[in-house]
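Dear colleague,

Please find below the structure that I am handing over to you. My notes on what was found in it follow directly after.

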Number of protein chains: 2
Amino acid sequence: MTQPSAPEFRRDPVSGWWVIVAPERSLRPLSLEGSSPRHRAETDRETCPFCQGREASTPGETFAIREAGIAPNAPGWQLRVVPNMFPAVRPAAANASGEGLFQALSATGRHEVVIEAAEHIVNPVLLSDDQFRDIFIAYRERLLAHAADPALQSVSIFKNVGAEAGASLGHCHSQIIALPLVPEQIGRELRGSSNYLHGTGRCVFCDLVKAELAAGVRVVAETPGFAAIAAYAGRFNHETWVLPKQHASRFETLSDSQAAELAELMKRLLRAFDRVLGEPAYNWYLHAAPLRSAEMPHYHWHLELIPRTARPAGFEWGSGCFLTSVSAETAAAQLSAHC
Amino acid sequence: MTQPSAPEFRRDPVSGWWVIVAPERSLRPLSLEGSSPRHRAETDRETCPFCQGREASTPGETFAIREAGIAPNAPGWQLRVVPNMFPAVRPAAANASGEGLFQALSATGRHEVVIEAAEHIVNPVLLSDDQFRDIFIAYRERLLAHAADPALQSVSIFKNVGAEAGASLGHCHSQIIALPLVPEQIGRELRGSSNYLHGTGRCVFCDLVKAELAAGVRVVAETPGFAAIAAYAGRFNHETWVLPKQHASRFETLSDSQAAELAELMKRLLRAFDRVLGEPAYNWYLHAAPLRSAEMPHYHWHLELIPRTARPAGFEWGSGCFLTSVSAETAAAQLSAHC
């Protein structure tokens, strides 16, 4: 097999979106390939590269939560962050450029994996409270670390659970992709919320949380500091957003105790997903302000959770308009009963 | 079971996109549900509501290609268009409206199914040349018919093949959703191509076809009138666009002989998909000018084909940036060798 070419960003000549073309991704092992149910991943225990004792099967860690006095890349850890073996972006990508209609950019960046448990846990609701809290602490610490590289503008942090949701390995993990640009969906939220601030003087997310808690009909669960809301116009059935009640644009400001409170709420929510939707595949992703931004009055970090119980089809891909069959009010009633 | 509420459009309060919430869609039968391979649909032959002789199991036809002198909704047809039993939009949806952050609109429109063969054919490459041509003639005729309703602004026409691509029935069919608005992806192409016209005086799609045919590296196949091009920045591996070489913004202008030529090219392309990708699930969708528009100098209708060989994951849904692993040049080399 010939060496795959370096990853690059390419811009669509008509619509202007950017994609990443990363040929070496096609070499990654796909233990959850195809249509395997979420828990078939249990059978991967024997070969799982993320389990404690197999530290040599990943690149060396860039961050870890481990007992004091134990060397890196050796057993004795609770959580590890390691570079992705099959990265979408690379620290020093070869120069790419385009001409005319065909614009390209080097896919410079960092692609990391957050390994969330030393043992082979596949369902995130089985993580201990401390393990779940540490996920969000790791997100915060990696945001702070990547902010040190001025070439990076923004960090995409997300979790794929189950093959249907795009996971290729079962062992609980998240992914971090630090990018040299602000991606489309974040840009869109920044513009939308900026327009709202100009029109009203307020943060649209703060108003949303306030309106939703007052109305009650789309509230899935809450804690003193956070609200879980069924998205009014979600692209997926049972799409749920988790937001801090107090305004904060930067996830980097999350305290350890807030991380524990967020983890508690997320775990309740995932248990409700499992009960109501029969252990569905799902994704979650963090939307937060770009790296090194000052606190923004219009933007407000949040997590979005999307169960993958239906597949977008020709209508969605062709029109950009998503077709769902469960209203946010129904979703909230179903989920809150088990939350 | 209580009667589902009427379908409505809802607008995301931050990003501004519209979704359709259509609770009655959840009642539709899903014979391809879950992870069944594409051809398990063959087993649905005994109960298929689209087969000739079962005309009574669909609503009455709105268009048909059938032998002269045979009554509607009776055997003797080559192609039928019927209202979808589980519509995403409805001719007279109840009034919906929103307030404040929560904007809604009645999902007024038409949702139809194009049944492309009287016999139970599941793989579109097995349609005869005439059957394949008639698909595009039906698209044209329904565009012309829906243009008569001033409440409708645009028509989304698409095809889902295989459960992975969102199909719920195997029998060859397309879907038509006529909408009271111009959906996001079409709006985006209209804006992008309008900007290009203002900057250059030319149609970006015409320039694209010319540049691609000159470069050759992303050409999958061509006929005298059409080109099939691997999309430079496709969101999916092997995404392919089929465009007329002569400028035309309105699909309604397609002649019968152009329909036959387009069908021939599409069939070659689908055969190549089947050979190279192992009979993948896929979608195609038509991008064309809004209803009742005059010929537009900047816009250019085209079909986009997306094999569903990978599932967008948390990165794509969270960032809007798509991650692919096969470059357009590799895709074109693979597909053109079998086209």
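In this predicted model, helix α2(A) meets helix α3(A) through Glu189(A), Ser193(A) and Tyr196(A) on the α2(A) side and Val204(A), Phe205(A) and Asp207(A) on the α3(A) side. Of the residues in this contact, three are nonpolar, two are charged and one is polar. Helix α2(A) covers residues 184-200 and helix α3(A) covers residues 204-215. Their axes lie 9 Å apart and the packing angle is about 80°. That angle falls within the range of 65 to 115 degrees, and α2(A) and α3(A) are therefore roughly perpendicular to each other.

- Strand β13(A), residues 282-287, runs antiparallel to β14(A), and six bridges join them. Within β14(A), Ile306(A) has Asn283(A) standing opposite.
- Strand β12(A), residues 240-244, also pairs with β14(A) in the antiparallel sense, over three bridges. Here Glu304(A) of β14(A) stands opposite Trp241(A).

The burial applies to both faces of the strand. One side presents His302(A), Glu304(A) and Ile306(A), while Leu303(A), Leu305(A) and Pro307(A) are on the other, and all of these are buried.

With kind regards

How values were computed:
Residues are numbered from 1 along each chain as its sequence is written. Chains are lettered from A and ligands numbered from 1 in the order in which they are written. This is a predicted model: local features need pLDDT of at least 70, side-chain atom pairs count only at pLDDT 80 or more; totals for chains, interfaces and linings use all residues. Side-chain values use heavy atoms; hydrogens and water are left out. Buried means under 20% relative accessible area, exposed over 50%, partly exposed in between (1.4 Å probe, protein chains only). Helices (H or I, at least four residues) and strands (E, at least two) are DSSP runs, numbered from the N terminus. Two strands pair if DSSP finds at least two bridges between them. Axes are lines fitted to C-alpha atoms, for helices over the stretch in contact, and angles run from 0 to 180 degrees between N-to-C directions. Angles under 35 degrees count as roughly parallel, over 145 as roughly antiparallel, 65 to 115 as roughly perpendicular and the rest as oblique. Contact means heavy atoms within 4.5 Å. Ala, Val, Leu, Ile, Met, Phe, Trp, Tyr, Cys and Pro count as nonpolar, Asp, Glu, Lys and Arg as charged, and the others, Gly among them, as polar.
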